[in-house]
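Have a look at the structure first, then read on.

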Amino acid sequence: MKLDILVLAAHPDDAELTCSGTIALHVAMGKKAGVVDLTQGELGTRGTPELRLEEARESAGILGLEVRDNLGLPDMFFRNDREHQLAVIRKIRQYQPDIVLANAVSDRHPDHGRGAQLAIDACFMAGLRKIETELDGKLQEAWRPAQLFHYIQSQYIKPDFVVDVSDYWETKIASIKAFRSQFFNPASDEPETFISSENFMKFIDARGREYGQSIGVTYGEGFTLNKQLGVRSLFDLL
Ligand SMILES: [Zn+2]
């Protein structure tokens with residue numbers, strides 16, 4: 001299955017919090033999108049890996065994803081090394097995305113910056129024919145995505161561009177709420193965390209409004225570039 005957009009995310013729910021409006025927008029345009037979570041988020045304070053997988057599947061349905069995959073790398077302990085690069089390269093070659101969306105280049109959670117660097121290296125290396133990987137006993141073709149953009153997570157980063165997701169904001173919030181074990185849920189008796197407070201959902205709203213306001217719309221999602229962006233005409237920038 002070839003995807004147009006592949007999201008690589010250190011933890012289940014990273015994609016929902018940061019770029020699910022952009023995913024929903026492109027799915028509505030007929031693009032094929034998928035999310036590969038690197039870990040099961042098994043060190044998260046709330047919920048269990050099984051529950052988070054179930055929540056991720058529910059969110060995938062809300063966003064209209066073609067693929068929701070999980071690499072099962074160790075939460076907090078995955079490294080940008082040969083073993084983990086090969087695991088990500090296999091997924092990039094399997095889904096052959098034109099665009100990859102990856103973790104924020106630096107953030108509060110150390111997995112995010114490390115996940116970003118792992119994605120950068122794996123996207124480049126997936127295009128090298130002499131790095132051989134197999135899927136179901138068959139040699140995979142080399143594939144390098146045309147673009148890699150980084151979404152923005154907890155820490156504020158000035159975006160290089162902002163996507164207007166105003167029409168998909170409700171879908172985004174529904175996809176976040178699919179992670180019932182993680183976010184504000186008055187019915188839960190689990191310990192409160194940084195992301196489970198009511199304030200955190202207000203922050204998500206404020207962040208979306210701030211990025212939206214910066215381009216004159218209601219809600220936006222910001223991204224940073226990995227390399228210089230080229231345009232065919234100045235009018236592409238409108
Ligand atoms: Zn995360």
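A crossing is left-handed if the near helix is turned anticlockwise from the far one by less than a right angle, and right-handed if clockwise. By that rule, helix 1 passes helix 5 in a right-handed crossing. The contact (heavy atoms within 4.5 Å) uses Glu 16, Leu 17, Thr 18, Cys 19, Ser 20, Gly 21 and Ala 24 on the helix 1 side, and Thr 171, Lys 172, Ser 175 and Ile 176 on the helix 5 side. Sorted by type, those residues come out as four nonpolar, five polar and two charged. Here Ala, Val, Leu, Ile, Met, Phe, Trp, Tyr, Cys and Pro count as nonpolar, Asp, Glu, Lys and Arg as charged, and the others, Gly among them, as polar.

Some housekeeping: this is a predicted model, with local features needing pLDDT of at least 70 and side-chain atom pairs counting only at pLDDT 80 or more, while totals for chains, interfaces and linings use all residues. Residues are numbered from 1 along each chain as its sequence is written, and side-chain values use heavy atoms, with hydrogens and water left out.

Helix 3 and helix 4 also have a right-handed crossing. His 84, Gln 85, Val 88, Ile 89, Ile 92 and Arg 93 of helix 3 meet Leu 118, Asp 121, Ala 122, Cys 123 and Met 125 of helix 4. This contact splits into seven nonpolar, two polar and two charged residues.

Here are the numbers for both pairs. Axes are lines fitted to C-alpha atoms, over the stretch in contact, and angles run from 0 to 180 degrees between N-to-C directions. Helices are DSSP runs (H or I, at least four residues), numbered from the N terminus.

| Pair | Axes come within | Crossing angle |
|---|---|---|
| helix 1 and helix 5 (residues 169–177) | 8 Å | roughly 135° |
| helix 3 (residues 82–95) and helix 4 | 9 Å | roughly 60° |

Why is helix 3 called oblique to helix 4? Angles under 35 degrees count as roughly parallel, over 145 as roughly antiparallel, 65 to 115 as roughly perpendicular and the rest as oblique, so helix 3 and helix 4 are oblique to each other.

Now the metal. Which residues coordinate the zinc ion? His 11 (ND1), Asp 14 (OD) and His 112 (NE2) do, at 2.1 Å; donors are N, O and S atoms within 2.8 Å of the metal (3.2 Å for Na, K and Ca), and sites may look incomplete because water is not among the atoms. Asp 14 sits in helix 1 (residues 14–28) and His 112 in helix 4 (residues 110–125), 98 residues apart. Asp 14 is buried at 3% relative accessibility, and His 112 is buried at 8%, where buried means under 20% relative accessible area (1.4 Å probe, protein chains only).

Terms used:
Helix = DSSP H or I, 4+ residues; strand = E, 2+ residues; numbered from the N terminus. Buried < 20%, exposed > 50% of the residue type's maximum accessible area, 1.4 Å probe, protein only.
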